[in-house]
Amino acid sequence: MAEDNEAFAPETGGKGLALPGLLIGFLAGLAVYGITEFWIDGHDDRPLAITALFFIGTLAASYLLLAEKGAFFKAGAGALAIAALLAPPDWFIASVAASDPQNLTDFPTFFWFFVSRALCAYLLVTLVKAAQETGVPPAYGNVFFHGVTMPLIAGGAKLFALLALLLLFAWALLLKQLDVSFFNKLFQEPWFILPFLGAIGGLSIAMMRGLQSLLGALRYVLLLLARILMIITAVFTVTLLIVFAVKGVGVVFDRPYPSAWMMGLALLGMLIFNGVYQNGEGGPPPLWLRIPTLITLIGFPVYALLAFYAFSLRVEDYGLTPPRIAGLAVNALVAAYSIVCLAGLTTEANWRGKKWMPLVGPLNTAMAALWVAVLILLATPLANPWAISARSQYNLLASEQIAAEDFDFGYLRFRLGKYGDAALDKLLALDNHPEAAAIRDGVSRAREANSYWHYENPNVAPAPEISGHEQGEADTPETLPFNPPDADTGPDDPDAGAPGE
């Protein structure tokens, strides 16, 4: 099947991209320098500057991954569409995070910019690349090929760029040892290093795209590894299902983080299954691989639904928070992949069919689009994680699902910003609540605390505040006296009197 996949692979040599990659990377780095040096700091529109920063990086990287000789304008349109689609979530998350950074949890910011955004960009480039080759909807064979190849190109490009950077600084250090410090200082200047890194990054992407033999070998190794891991996964699945049958699924909930463990198993099974299924164009695999695959597909819905159920129980008991919203969304997406697994199992009724699990390919493409839609939705006002969390926490206490003494008023005050403050105001208005007095005390304690730590440790007195006048003149080196009157300067001080004077 790996051979079938390579035969079906579309042409993605990336020929003639070295010079464009160098120039586009250089211009992108130059733009990043301009934004970071003249715009992003000390301006009220900092969120817009951050949005522009990510827009430029996404546009440049997407273009270099999509471009083919003779189709540069088509690649530019696709790259522009990808960057434009990700810009509104960038601006929204950056705007909310900048509105009250001291009293907002930074998890949604981290989750979007360091997890969701990267995954969305990867899936979008894969889908757009396949659509440009085969039309809309894209053929799954092309989606699979680019889905495997894009991470290899990105990883190799990062490795090339890192090696170039290390060689650059090694050269500068060598020259510094020879008393030539000019280059060492030059390489520390942002106006030089950022365009240089951009140029090296663009050139590295072009170089990796040209190494088709290497990329083909790496794809072969990954797909071969998937076959080996499928057998191990099937054995593990059978063992775990026997444990569930003997001891019940409660054994999962007796361990810490049951949802994370089950979701991890489901995600691992999903990746391994797709590595075995490949582009969906070949016939069924050998029986020694086909049977373990079916076993894994049977176990996947069990893992996914147990993970979703475990997470739902925690949300029911403690309400939603930004991390739980993200976890619940990912759990739901993983559980939704059970549809793909059930479709694959259903088509196995036609055991002698020429194509293996023909429904899996189109459903995989649809699932990729669904992941993009859900992850982007979580970074928009429609699913504002801070606002949803504040409403959930309010409802948890207002509906008497939790006692006031067990409720975390400080979380609303110091982790949910203005949304938490609005929820605290609504809690104060619950005059008919059986614990109205305790709620008022909790809100008062949260608002009297000067930090979340102080709220959680009310018996520890906060450090006294020192005014700027008292602190500034004594702490800056410029204002310290050179020879304080009472200082012991030692016998070598020419201004000191003789001993005994």
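**Notebook: buried positions and nonpolar cores**

I began with Leu124 and found this residue buried, with a relative accessible area of 11%. I note at the outset that the model I consulted is a predicted one.

Setting aside residues up to four places away in sequence, I listed the contacts of Leu124 as Ile82, Leu85, Leu86 and Val372. I also checked Ala79, which is 45 residues from Leu124 along the chain; the C-alpha atoms of the two are separated by 9.4 Å.

My next entry concerns Thr296. Is Thr296 buried or exposed? I recorded Thr296 as buried, since its relative accessible area is 6%. Thr296 belongs to helix α12, residues 287-318. Beyond residues up to four places away in sequence, Thr296 touches Met230, Thr233, Ala234, Thr237 and Gly269.

How many residues does the largest nonpolar core have? I noted 114 residues, and the ones with the most contacts inside this core are Phe409 and Leu427. For Leu427 I wrote down contacts with Tyr394, Leu397, Phe407, Phe409, Leu412, Ile439 and Val443, again leaving out residues up to four places away in sequence. I found a second, separate core of 5 residues, among them Leu168, Leu186, Phe187 and Ile193.

Methods
Residues numbered from 1 in each chain as written. Predicted model: local features only at pLDDT ≥ 70, side-chain atom pairs only at ≥ 80, totals over all residues. Heavy atoms only, no water. Helix = DSSP H or I, 4+ residues; strand = E, 2+ residues; numbered from the N terminus. Buried < 20%, exposed > 50% of the residue type's maximum accessible area, 1.4 Å probe, protein only. Contact = heavy atoms within 4.5 Å. Core = buried A, V, L, I, M, F, W, Y, C linked by side-chain atoms within 4.5 Å.
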